[in-house]
Each structure stands twice: as structure tokens, then as C-alpha cells.
Amino acid sequence: MLPVSESHTTGSGAAAVASRAARDRPLHGAPAFALALTPALLWGALPVAVAGIAPTMDGVTLTWYRFLVAWAAQTALLAATGAFGELRGRSKREYATLGVVAAGIVGNFALFATSLQWLSPSAAQTVSQCQPIALLLASVLLFGERLARAQVAGAAALVAGLAIFLHDRFREFDGRADELLIGVPLVLAASVAWVAAGLAQKTLAGRISAAGSLWFVYLLGAVALAPLATPTQLPALDAAQAWLFAFCCANTLVAYGAFAVAVRRWSLSRVGAVLALQVVFTYLWEFAAARLGLELARFEDWDGVKALGAALVVAGTLTVALAAPRPGAVSRP
């Protein structure tokens, strides 16, 4: 016998279920690639924008504002579309999954920010590049996605490319015990939280919309960080910083919205591969800022080794993301 919440799904209820399933139907090819590329591009720009705001506003306060603005915008969106109803009357399992998504994303923010007490931003960012690789591996181990031989080769090139591309960043570690025993584990924990959020978001496909789940995420983030934030820092931003602040807030809405939809409508292995481009985009954004005379972040010259690493990352990403799937490959829901 079906649970009460399912056995009575008739009429408008059945239509709502069908609508949610259609909304999360799989995407393929260029549209799916563009969707996954959006958060990689925007998250790559985020460190540059944050660096420009950092002298006036601390990271926790900025993150709190980002969650608060995103929650307000998401509330307006759900109210305008009448979609709030889908968050009521869900099963305990669905509410628990929503909790995992929210706790994973908020935990990722909090743990990463805490790790900066022991690691430099560059070192922390280097360690966090395990996130897209972990998402790729999780797709195979937990969701049963089967990679074609070309995709396996592309994944290997991607991992090697990241290691080569980031070779100079490992100098940021000075061998202190607190870096290895506290800082690195905190970044790894942040990465696990992020991957858990992505996997949980995947399982909500066809049940609760990406917009609905993110509304819950933003609400939890705004409430959790409120005691640690300093709202009075906002009026102290100058005009340029105000534009960067607006970009950071918009970044949260668009990047996480695209990520939530991408993990639902495309294979996780392909999404993980595309997100690995984030670190390359960060360097490109830094280069663009430097060429424009904007001293927003440290700009590092590219040598031949770094260029080789970037080429391998791009080639590996494109291979994993766009190669034909293995014949007969299926993914568990």
C-alpha cells in the first residue's frame, strides 16, 4: 500500500507531480553543458570580487548578506509563481533531504571560512579543488553512472591537469602542523558538505523544485549567520565596492540556481567535470581585472607549466562532459 501522501495523489495532485517531473526532465548536449558552465564561470569570478570587498566587509558578513538577499529574491519568486505550496505536506524523507541540502551548503560556507584561520586563501582554494572530482566519483559509486573509456581518459587528464595547474599553489603550505591537522581537514570537511548537498539535490529531482529547495537553503544560511554578521559594514562600502557587493549577491542566486538545476537534469559526472574549470576561470578573471587596472586580487603570471595544466583541464572537462555515454549506461534515481 502506498503511503497516505502518495495514495491520495489524484487530480490536481497528480498534475503537480507530473509538472515537477517534466520540469526536471534530463538535458543533453550544449544546453546541459552551458547550464553547468554557468556556476563554474560565476564561482570562478567570486574570489576576485570578494577580494575587492574584503578591506571593508568581512567574509561572514558578506556571506550573510548574500544569503539574505537570495532568500528575499527567492521568496518573491515563489510567491509570484504560487510555488510555496510544494514545500508543504512533504514526506519526512523529503524534509530530511532538504535539510541535507541546506546543511551541506551552509556548512560548506562556514567550514571553509573557518579554515582560513589556519590556511591562506590560495592554499584553501587549492585543497577545495577536490570538490568537483569528488562529485564525479560519487556519481559513479553512489548513482551508478558508467563512464565510457573516453570519459575515463578525460577524467584522468582532468585530475592531472589540476595538479599541474596548481603546482605553484602548493608553495602556500609552509609545513606548519596546524595547517595539516586543522586547516586541511576543515577544507576537506567543507568539500564533503558541498558534495553531500549536490547529491541530495539530485535525489529531490521530480519531487521539490530547485527554487523551492534553495529557498530553504538561503533561509537557513541567513538565520545561522545572523549572530556573526556585522550589518553596519554595508554603508561603509564605496561605489566600486557596492557594485562588487551587488555582483556577489546576484552570483549566489544565479550560480546556485544553475548548479541545482544542472545536478538534477544532467549526469553528476559531467557536472563535476565542468565545475573543475572554476579554478581556471578564477585565473582568467584575475588576468582580466589586472589588464583593466583593477587591483582586486593578486595576479599571477602564467608559465608554460601552468598553461599545460590549463589545457589538460579543459581537454579533460570537454571529454568527460561531451563524450558519448557508455552503451547501455544507466543511472540510479
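Which residues of helix 10 are buried? In this predicted model, the buried residues of helix 10 are Ala-210, Gly-212, Ser-213, Leu-214, Trp-215, Val-217, Tyr-218, Gly-221, Ala-222 and Leu-225. Helix 10 comprises 16 residues, and the distance from its first C-alpha to its last is 22 Å, close to the 22 Å expected at 1.5 Å a residue. The chain to which this helix belongs contains 14 helices and zero strands, and its elements, read along the sequence, follow the pattern α-α-α-α-α-α-α-α-α-α-α-α-α-α. Of the 333 residues in the chain, 46% are buried. Among contacts with a separation of 6 or more, 89% are accounted for by residues 24 or more positions apart.

Helix 10 (residues 210–225) packs with helix 4 (residues 59–81) at an angle of about 145 degrees, the two axes lying 8 Å apart, and the crossing of helix 4 and helix 10 is left-handed. On the side of helix 4, the contact is made by Val-60, Thr-63, Trp-64, Phe-67, Leu-68, Ala-70, Trp-71, Gln-74, Thr-75, Leu-77 and Leu-78, while helix 10 contributes Ala-211, Gly-212, Leu-214, Trp-215, Val-217, Tyr-218, Leu-219, Gly-221, Ala-222 and Leu-225. Thr-63, a residue of helix 4, counts as buried at 13% relative accessibility. When neighbours within four places in sequence are left aside, Thr-63 is in contact with Phe-109 and Leu-225.

Helix 3 (residues 29–53) has 25 residues and reaches 37 Å from its first C-alpha to its last, close to the 36 Å expected at 1.5 Å a residue.

Attention may next be given to the aromatic residues. The structure holds nine aromatic pairs. In one of them, the ring centres of Trp-43 and Trp-194 are 6.4 Å apart and the ring planes stand at 75 degrees, so the pair is edge-to-face, planes over 60 degrees apart being counted in this way. Because Trp-43 lies in helix 3 and Trp-194 in helix 9 (residues 177–203), the pair ties together parts that are 151 residues apart in sequence. Trp-43 is buried, with a relative accessible area of 8%, and Trp-194 likewise counts as buried, at 4% relative accessibility. Trp-43 and Trp-194 also belong to one aromatic cluster, which is formed together with Phe-67, Phe-109, Tyr-218, Tyr-256 and Phe-259.

Leu-186 touches Leu-111, Thr-114, Ser-115 and Trp-118, residues up to four places away in sequence not being counted. Between Leu-186 and Ser-115, which are 71 residues apart in sequence, the distance from C-alpha to C-alpha is 5.5 Å. Leu-119 is situated in the loop between helix 5 (92–115) and helix 6 (121–127), and at 3% relative accessibility Leu-119 counts as buried. The C-alpha atoms of Leu-119 and Ile-182 are separated by 9.0 Å, although the two residues are 63 residues apart along the chain.

Helix 12 (residues 268–275) is largely enclosed by the rest of the structure, because eight of its eight residues are buried. These buried residues are Leu-268, Ser-269, Arg-270, Val-271, Gly-272, Ala-273, Val-274 and Leu-275. The axes of helix 12 and helix 11 (residues 239–265) come within 8 Å and cross at roughly 145 degrees, and the crossing of helix 11 and helix 12 is right-handed. At this crossing, Phe-259, Ala-262 and Val-263 in helix 11 meet Leu-268, Val-271 and Leu-275 in helix 12. Phe-259 is also a member of the aromatic cluster that includes Trp-43 and Trp-194.

Methods. Residues numbered from 1 in each chain as written. Predicted model: local features only at pLDDT ≥ 70, side-chain atom pairs only at ≥ 80, totals over all residues. Heavy atoms only, no water. Helix = DSSP H or I, 4+ residues; strand = E, 2+ residues; numbered from the N terminus. Expected span 1.5 Å × (residues − 1). Phe/Tyr/Trp six-rings, centres within 6.5 Å; stacked < 30°, edge-to-face > 60°. Buried < 20%, exposed > 50% of the residue type's maximum accessible area, 1.4 Å probe, protein only. Axes fitted to C-alpha atoms, helices over the stretch in contact; angles between N-to-C directions. Left-handed = near helix turned anticlockwise from the far one by under 90°. Contact = heavy atoms within 4.5 Å.
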